[in-house]
Number of protein chains: 4
Amino acid sequence: MRKICFVINNRANYARIKSAIRECTLRNDIKVQIVVGASGLIDRFGDVVEIIKKDGFEVNEKLHTVVEGNEPISMVKTTAMSLLSLSEVFYRTNPDIVVTVADRFETIATAIAASYMNIPLAHTQGGEITGSIDDNVRHAITKLAHIHFPATKKAEEVLINNLGENPECVFHVGCPSIDIAHETKGETTKSIMTRYSGVGADLDFEKPYILVSQHSDTLEYAKAKEQISATLESINSLQYQCVWLWPNMDSGSDFISKKLREFRENNQNSKIRFYKNFEPQDYINILRNSTCIVGNSSSGIREASYLGTPSVNVGERQRGRVKLSNVIDVAYNSREITEAIKVQILAKSYAQDLTYGDGTSGRQIAEILATCKLSVKKNPISN
Amino acid sequence: MRKICFVINNRANYARIKSAIRECTLRNDIKVQIVVGASGLIDRFGDVVEIIKKDGFEVNEKLHTVVEGNEPISMVKTTAMSLLSLSEVFYRTNPDIVVTVADRFETIATAIAASYMNIPLAHTQGGEITGSIDDNVRHAITKLAHIHFPATKKAEEVLINNLGENPECVFHVGCPSIDIAHETKGETTKSIMTRYSGVGADLDFEKPYILVSQHSDTLEYAKAKEQISATLESINSLQYQCVWLWPNMDSGSDFISKKLREFRENNQNSKIRFYKNFEPQDYINILRNSTCIVGNSSSGIREASYLGTPSVNVGERQRGRVKLSNVIDVAYNSREITEAIKVQILAKSYAQDLTYGDGTSGRQIAEILATCKLSVKKNPISN
Amino acid sequence: MRKICFVINNRANYARIKSAIRECTLRNDIKVQIVVGASGLIDRFGDVVEIIKKDGFEVNEKLHTVVEGNEPISMVKTTAMSLLSLSEVFYRTNPDIVVTVADRFETIATAIAASYMNIPLAHTQGGEITGSIDDNVRHAITKLAHIHFPATKKAEEVLINNLGENPECVFHVGCPSIDIAHETKGETTKSIMTRYSGVGADLDFEKPYILVSQHSDTLEYAKAKEQISATLESINSLQYQCVWLWPNMDSGSDFISKKLREFRENNQNSKIRFYKNFEPQDYINILRNSTCIVGNSSSGIREASYLGTPSVNVGERQRGRVKLSNVIDVAYNSREITEAIKVQILAKSYAQDLTYGDGTSGRQIAEILATCKLSVKKNPISN
Amino acid sequence: MRKICFVINNRANYARIKSAIRECTLRNDIKVQIVVGASGLIDRFGDVVEIIKKDGFEVNEKLHTVVEGNEPISMVKTTAMSLLSLSEVFYRTNPDIVVTVADRFETIATAIAASYMNIPLAHTQGGEITGSIDDNVRHAITKLAHIHFPATKKAEEVLINNLGENPECVFHVGCPSIDIAHETKGETTKSIMTRYSGVGADLDFEKPYILVSQHSDTLEYAKAKEQISATLESINSLQYQCVWLWPNMDSGSDFISKKLREFRENNQNSKIRFYKNFEPQDYINILRNSTCIVGNSSSGIREASYLGTPSVNVGERQRGRVKLSNVIDVAYNSREITEAIKVQILAKSYAQDLTYGDGTSGRQIAEILATCKLSVKKNPISN
């Protein structure tokens with residue numbers, strides 16, 4: 001029986017791996033170990049531990065690794081703290097495979113700790129290209145990983161053709177986040193929202209609303225305030241109801257939070273309500289039921305394309321991704337944002353797009369984790 | 001004027017970048033900053049600080065980052081400590097470019113700290129392929145780096161064709177270590193050795209000797225003792241004079257050190273003398289004057305090929321490298337090692353090979369560092 | 001010329017040492033070095049760096065050491081991070097004396113780093129007794145310190161008679177915070193508040209107001225929410241205007257912040273306005289001009305007694321202190337708090353009390369730092 | 001049932017607490033948890049884990065916390081690493097009491113982690129006075145500890161009268177190390193030494209020998225080399241057989257190790273044999289069978305006085321201790337050392353002295369740990 005260790009560092013990580021965890025727990029040949037660290041433990045970014053427990057999984061380790069601060073030095077130090085804590089967890093518990101998700105900055109700590117300690121490392125979302133700084137981290141993790149679970153066909157090709165990975169270790173399985181979208185039964189946003197409080201305007205969830213999720217672009221974190229302002233201004237001018245998610249923990253997120261708080265203080269009549277976190281299934285329905293999603297969350301690309309939800313993708317953070325019919329790219333410019341939203345309001349919805357998966361990703365990942373050949377020797381690149 | 005920060009983590013790092021540092025100090029448009037960390041500060045691995053000072057350079061920062069231990073967890077923790085210290089140095093001193101050398105495990109800390117803090121990162125020796133675990137670290141650093149200084153034509157091709165780097169940021173300049181080999185005036189080993197003490201047998205340096213430099217292969221660090229034994233047995237059976245370098249700091253190095261110490265205690269009549277460290281120029285002459293070099297140091301490939309010194313490359317650590325005429329590859333097997341040494345003793349020497357550089361690498365690097373376009377945005381891979 | 005290094009970890013630290021720093025900068029025989037770390041750099045606790053700069057001092061080092069989290073483990077990890085950063089600062093800059101202030105948890109890092117590195121350590125506020133967990137930290141620092149600056153006569157006696165310190169190294173100088181109270185020229189709160197924004201009710205600063213500053217009691221941090229509720233309820237029921245300071249960074253402070261935010265959302269008609277931070281002089285005037293101070297800040301004891309401002313001291317955090325005529329002690333109980341406030345409103349003001357100093361503390365400290373005998377050998381306790 | 005966590009940081013720690021651990025494991029109302037960290041895991045300082053396992057106890061946690069280096073900054077960083085690791089152990093395992101031993105620099109990490117996390121802390125050897133830097137650490141730990149187990153009557157008085165501890169929490173129980181001396185059956189050194197290898201001269205253990213154990217005095221670590229030289233010179237000039245223990249890990253220990261290695265290389269005819277570590281019982285017999293013990297190990301005071309073994313105490317490290325009839329104090333001066341050894345050779349042996357315990361310490365400690373009232377509130381000092 002293999003012990004598979006999933007390292008979850010934030011709310012988004014969890015939604016992107018949850019179905020794979022569940023499928024692993026259903027097997028007799030896998031013992032699941034769940035480690036939650038970084039912003040996954042921090043209340044103001046949405047404590048993931050409670051959500052995981054509610055889903056019936058056990059959180060085996062909680063690692064306090066976030067070094068507070070709004071400048072990039074805190075990202076480096078948080079990565080260091082993650083290395084210190086994860087190395088002790090791996091040393092003590094000795095997993096057969098470590099699974100790391102996507103590309104957030106602290107994710108590289110999981111990759112280094114596992115690979116330096118000669119533990120096979122599996123990585124999801126490798127090979128994707130966005131054009132942002134996340135690319136660097138994602139590709140560096142690829143070079144440390146032994147088993148790859150790219151979400152798209154194109155990402156699989158990048159891993160093999162452009163990053164020199166061994167095709168035998170690359171498995172195009174789709175994104176587990178699509179499994180959630182696939183499985184989640186519909187629920188009205190009105191019903192969902194009885195379980196969340198939020199702060200700001202009182203919204204009427206029988207009427208349409210826009211969903212906003214916009215994070216800091218760490219390459220330009222000093223501009224985070226002006227970037228978020230463009231979106232705020234656009235949404236406010238439209239006077240359309242809006243569900244707004246707090247940003248995740250990145251350099252610049254404090255600038256965003258501050259701007260959002262200032263806005264709230266000074267715009268008591270806005271139609272925006274702010275929420276910290278939703279459970280993955282609830283998020284799917286809030287997204288599905290929305291008029292459109294605005295910002296730079298990757299869910300505006302991946303889950304939205306599966307659901308056919310219109311999406312306005314702001315700025316550079318997701319710019320290099322595969323182009324999808326439901327997405328309109330705009331700059332950090334309130335006029336551009338407003339116009340794109342207007343187009344999307346008219347569009348209503350798009351056809352389902354299976355680029356990011358067909359709902360079987362978690363099951364495929366579990367099968368591969370249980371049965372794949374394990375080795376920490378990577379084939380050398382041969383050119 | 002650009003401030004260029006060189007991070008040196010061990011004795012080998014320094015020899016591989018020294019000529020570039022010197023060329024930078026000679027320019028008016030560059031201010032050099034030297035940071036020494038990790039095993040570079042540890043006496044038992046050969047304190048690099050004194051050597052750098054003797055060369056007339058100033059050591060601006062000394063970072064105590066080595067977490068002691070013989071298991072891989074210490075490599076992870078040392079990397080974490082390097083992140084913590086380097087992030088503070090970069091925060092306080094704000095360099096324009098950070099230069100990192102090669103592929104040792106703690107080197108990734110330099111790459112993460114610089115790239116997360118939006119400082120352009122230059123990397124030497126990217127694109128090389130050895131087949132060992134170092135490949136993973138080296139390639140991961142490549143994906144975080146903005147400016148690449150590959151040592152060979154083939155490495156340049158790997159960076160561009162197999163790792164997706166932008167050709168405009170890849171500069172084939174050769175290896176600065178060849179500059180040292182190129183510039184160093186001959187000196188007899190007898191004369192050099194008056195400046196070093198060492199322990200073990202008294203050697204007659206007017207007679208021929210073999211040079212041994214064999215490190216732990218971290219993927220198989222638990223086998224380090226038996227691997228070093230094969231080489232010890234071979235050298236001892238030949239009863240040929242031998243200059244033996246202590247291993248560097250890696251998981252498994254304690255096993256090697258212990259074995260070497262045991263050997264010394266129990267073989268008072270051997271013809272082996274052990275040394276901790278040589279200055280780069282002295283090392284070149286000791287290598288040049290030797291009958292052959294044995295082990296798995298990359299100097300047996302790169303400097304030795306330039307000097308035409310016969311080389312017996314033991315085990316997997318350098319296995320995947322470009323094949324060169326002066327190198328015989330053998331397994332960790334005393335009989336194989338002995339036979340290869342006998343062949344090399346007869347070979348005497350080989351023709352100079354310029355695969356790893358022609359002696360102008362440092363000057364080229366300095367020129368590029370002074371004048372290249374600086375950006376922390378990397379072009380997305382386009383496939 | 002002696003290099004004196006002041007380590008400032010939060011807004012309160014600075015007010016308690018500022019006059020000593022100023023007096024040191026005025027001398028020719030002292031070079032001042034200022035290090036700001038821990039919550040002193042965190043915007044949500046009140047960034048101290050800007051305040052120090054405005055006072056005309058240079059901040060020489062900024063150390064990002066706060067590990068985020070609301071549980072005590074974060075206090076331990078923050079202490080560890082402070083040790084790592086401070087040890088590098090001391091190693092690099094080599095001060096003649098390090099000065100540490102009071103008793104917050106991360107303060108022990110300054111004491112350990114300096115004393116382990118054989119640098120004489122001066123400590124202010126040693127020997128005070130409050131009955132809270134802070135006593136343990138304060139007394140432990142005393143045992144590591146070489147030069148003691150107790151604020152009161154009684155504290156001096158505790159240091160010598162109860163903690164075994166050498167009388168020759170104990171200097172009763174008063175508290176530098178009293179110097180600020182002594183020197184600060186009066187200014188109306190109305191005028192001061194034009195420089196601060198705050199959030200919450202609009203107050204009329206021509207009318208009287210209460211000042212609240214209540215922190216978490218770390219020994220009972222899980223009760224922080226209910227403890228703060230008692231005070232909130234009391235203040236709210238009185239419908240008296242109130243200036244409320246956010247809590248500092250301690251285990252439990254998140255519970256307090258959360259409760260305060262909830263209160264704000266749900267009590268839009270309250271007469272409470274919340275502020276993050278005031279400059280030391282402004283704080284003095286806001287305190288001086290207030291009807292009374294409520295909570296468990298030590299300023300309710302020390303500065304308030306000097307100013308004669310009525311004080312309601314809630315809970316255990318300051319319980320063991322010297323009793324002063326201007327202070328009424330109450331439990332975490334809204335009824336008790338309300339009654340005490342009513343008494344203090346009637347009391348109006350008290351006579352000036354010089355227990356904590358007469359306004360010359362900073363000058364005395366500077367003189368001693370410049371001229372005292374320096375040694376890191378402490379006299380053994382002789383009993 | 002109480003979970004009692006013993007933190008062991010080095011070989012000496014273990015001998016000083018072993019009998020208490022054993023007595024705890026024999027009880028039904030205590031569950032023992034053993035944590036080994038710091039130099040306890042480092043082979044070159046004597047790996048304690050194997051010794052503990054051989055005694056039949058389980059090592060529950062191994063914490064890699066040693067930051068390598070010979071300067072005091074490494075002591076600070078090692079303390080920081082211990083804080084990080086211990087805080088995670090305490091967070092995850094939640095012990096009822098943490099037990100810390102004596103006064104080594106990294107011991108303060110145990111005290112801080114436990115007390116900050118509101119876990120009752122028990123401390124052995126508090127209240128002792130040596131006059132060295134260790135006093136500061138020992139007394140600081142006392143101020144953080146909740147339960148005190150002083151070894152001597154005098155130490156008990158110091159804790160209560162000079163350090164302000166509550167008499168109800170101070171238990172004079174003697175030192176567990178005396179239990180080992182009390183219980184250990186005699187064995188000839190010749191027989192013991194068949195189980196240890198060592199390096200250096202071949203000794204005839206049927207003939208008398210001196211035992212040397214001399215560590216660095218961290219306050220004067222830069223003088224460590226000259227201090228050890230005095231002892232080496234003295235022993236060498238006497239040409240008396242000598243069992244010499246390597247120093248423990250402190251600033252300056254590298255200087256000592258280096259000097260010892262040099263001496264070995266250059267004095268192949270000396271009568272000194274060097275050993276890294278002995279198991280506690282074996283150490284007792286080696287001490288008991290020796291002509292006298294020389295150096296600054298506290299075993300020259302405590303175990304030696306119980307055994308009646310003559311002792312020559314060199315330098316300041318143990319200077320302030322209770323004076324005992326078997327001890328002669330000398331300076332770091334080879335002539336003084338030689339003369340004192342000659343006196344002790346003639347003295348042969350002294351009467352048993354029970355100052356440090358009567359052999360029942362472990363049982364008393366276990367009983368108190370199982371039954372004492374637990375609280376993390378310390379009584380305020382009342383003066």
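This is a predicted model: local features need pLDDT of at least 70, side-chain atom pairs count only at pLDDT 80 or more; totals for chains, interfaces and linings use all residues.
Figure 1. Residues are numbered from 1 along each chain as its sequence is written, and chains are lettered from A and ligands numbered from 1 in the order in which they are written. A:Leu159 belongs to helix 7 (residues 153–162) of chain A. Helices (H or I, at least four residues) and strands (E, at least two) are DSSP runs, numbered from the N terminus. A:Leu159 counts as buried because 27 C-beta neighbours lie inside 10 Å. A residue is buried with 20 or more other C-beta atoms within 10 Å of its own, exposed with 12 or fewer, and partly exposed in between, the C-beta atoms being placed from the backbone. Leaving aside residues up to four places away in sequence, A:Leu159 touches A:Gly126, A:Gly127, A:Thr142, A:His148, A:Pro150, A:Glu165 and A:Val170. Such a contact requires C-beta atoms, placed from the backbone, to lie within 7 Å. From C-alpha to C-alpha, A:Leu159 and A:Leu86 are 26 Å apart in space and 73 residues apart in sequence.

**Figure 2. The contact between chain B and chain A.** In this interface, 41 residues of chain B are in contact with 41 residues of chain A. Helix 4 (72–93), helix 5 (107–116), helix 6 (134–144) and helix 7 (153–162) of chain B are the elements that give two or more residues to the side of chain B that touches chain A. The largest share of that side, 11 residues, comes from helix 4 of chain B. By class, the side of chain B that touches chain A has 23 nonpolar, 12 polar and 6 charged residues. Here Ala, Val, Leu, Ile, Met, Phe, Trp, Tyr, Cys and Pro count as nonpolar, Asp, Glu, Lys and Arg as charged, and the others, Gly among them, as polar. The copies meet through the same surface, because 100% of the interface residues of chain B are also interface residues in chain A.

**Figure 3. Helix 8 packed against helix 15 in chain A.** The axes of helix 8 (residues 176–183) and helix 15 (residues 361–371) of chain A are 7 Å apart, and the helices pack at an angle of about 135 degrees. Axes are lines fitted to C-alpha atoms, for helices over the stretch in contact, and angles run from 0 to 180 degrees between N-to-C directions. Helix 8 and helix 15 of chain A are therefore oblique to each other. Angles under 35 degrees count as roughly parallel, over 145 as roughly antiparallel, 65 to 115 as roughly perpendicular and the rest as oblique. In this contact, A:Pro176, A:Ile178 and A:Asp179 of helix 8 meet A:Ser361, A:Gly362 and A:Ile365 of helix 15. The residues of the contact comprise 3 nonpolar, 2 polar and 1 charged.

**Figure 4. Helix 2 crossing helix 8 in chain B.** The axes of helix 2 (residues 18–25) and helix 8 (residues 176–183) of chain B cross at roughly 85 degrees and come within 6 Å. Helix 2 of chain B is thus roughly perpendicular to helix 8 of chain B. B:Lys18, B:Ser19 and B:Ala20 of helix 2 meet B:Pro176, B:Asp179 and B:Ile180 of helix 8. This contact consists of 3 nonpolar, 1 polar and 2 charged residues.

Figure 5. Most residues other than glycine have a negative phi. B:Ala38, in the loop between strand 2 (30–37) and helix 3 (48–54) of chain B, has a positive phi near 50 degrees. B:Ala38 is buried, with 30 other C-beta atoms within 10 Å. C:Lys348, in the loop between helix 14 (334–347) and helix 15 of chain C, has a positive phi of about 65 degrees. C:Lys348 is exposed, with 11 other C-beta atoms within 10 Å.

Figure 6. D:Leu307 lies in helix 13 (residues 302–307) of chain D and is buried, with 26 other C-beta atoms within 10 Å. Not counting residues up to four places away in sequence, D:Leu307 touches D:Ala181, D:Leu287 and D:Arg288. D:Leu287 is 20 residues from D:Leu307 in sequence and 8.4 Å away in space, C-alpha to C-alpha.

Definitions and conventions. Two residues are in contact if their C-beta atoms, placed from the backbone, lie within 7 Å.
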